[in-house]
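Subject: Model for you to look over

Hello,

Here is the structure I promised. Please open it alongside these notes.

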Amino acid sequence: MRIVICGVGALGSTTALFCRNLDATLRLVDFDRVESKNLQAQWFVKQSVGKNKAQALRLQLQNFYGVKAEAMGVRLSEDNTRELLDGCDLALDCFDNIASRQLLSTAARDLELPLVHGALSGDGTFGLVRWDERFSADAEDVEGQATCEGGEHLPIIGAMGATLARAVQDHVRAGDRHDYMVSLSGVTRTS
Amino acid sequence: MAVLNITYNGLSADYDMDIDYAASDADIRRIAVEVVRSGGVRGLHIANLADNAFRNYVIDHMDSPTGERRIYLRPKVPFGAEV
């Protein structure tokens, strides 16, 4: 089985960490580079600063856990979506913007590829894990709205990453497609 | 009829009384403000909650794992649900 994680910033890198023991190959997609400020809330180490996030995460998984992964250090676009999803059995949406989420959702529906979305509110108090059949995009308050900058929201990022990894694990092992709501008061299964 | 779940300021709780599943979004936001102010949502009592506290919130209609009809009033993440 091959699982593609689209976007490996705060949520994607943390989810990858919790998916490291699955009987699956992880494919990591992100065009961005690790900045020193990312160490506050994303699963990157000091030695990764300056590297492409997908490549850095691949190296960390290899060096720390002996887990092999594939890195695609590119931005998802209409031109390369099918190539990036090719050969995958499951996709995770950990993007931080609506345009990429919609692009991924459209492609996954066309390919009949299972897709699960994970996202956090901008104030870091709330998150959702939701499968694509129940997904549609909320409007951003402002275009390119930043979420979870700095280290303040690290605990809920951890809770979200663990919850998304749990949803993936249940799907890999039993084909389940459970949705979850994560708040500061706990995790609730919503479907 | 449906259960209304409200998430605000990192806390999430159910309102005990059923509300109309087909209630408009404006009605749901108005009801939510009233019940949070009045203490009708256990663990989520804010007496001075602003009238527009839920103006930018999203309303999802979904069935629970047990088949219960539920309405979720929640912050943007940003993504939502298809009814």
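Two residues count as in contact if their C-beta atoms, placed from the backbone, lie within 7 Å. Helices (H or I, at least four residues) and strands (E, at least two) are DSSP runs, numbered from the N terminus.

Residues are numbered from 1 along each chain as its sequence is written, with chains lettered from A and ligands numbered from 1 in the order in which they are written. This is a predicted model: local features need pLDDT of at least 70, side-chain atom pairs count only at pLDDT 80 or more, and totals for chains, interfaces and linings use all residues.

The sheet

Chain A has an open sheet of eight strands, ordered β3-β2-β1-β4-β5-β6-β7-β8, with mixed pairing. Strands pair if DSSP finds at least two bridges between them. β3 (69-72) and β8 (186-189) of chain A are the edge strands, each with a single partner, so one side of each has no neighbour in the sheet. The twist averages 15° from one strand to the next. Axes here are lines fitted to C-alpha atoms, for helices over the stretch in contact, and angles run from 0 to 180 degrees between N-to-C directions.

β5 (residues 115-120) and β6 (residues 126-131) of chain A are antiparallel, joined by five bridges. A:Gly118 is opposite A:Val129 in β6(A). On β7(A), A:Val129 has A:Tyr180 as its bridge partner. β6(A) and β7(A) run antiparallel, with four bridges. β7(A) and β8(A) also pair in the antiparallel sense, over four bridges. They form a hairpin with two residues between them. There A:Val182 stands opposite A:Val187 in β8(A).

In a regular strand the side chains alternate between the two faces of the sheet. In β7(A), A:Tyr180 and A:Val182 point one way, A:Met181 and A:Ser183 the other, and all are buried. Buried means 20 or more other C-beta atoms within 10 Å of a residue's own, exposed 12 or fewer, partly exposed in between, with C-beta atoms placed from the backbone.

The helices

Helix α5 (residues 154-174) of chain A lies across β1 (2-6), β4 (90-93), β5, β6, β7 (180-183) and β8, at about 170° to β5(A).

The buried residues of α2(A) include A:Ala54, A:Leu57 and A:Leu61. Its buried residues pack against α1 (10-18), β2 (25-29) and β3 of chain A. Just after α2(A), A:Gly66 takes a positive phi of about 70°.

Best wishes
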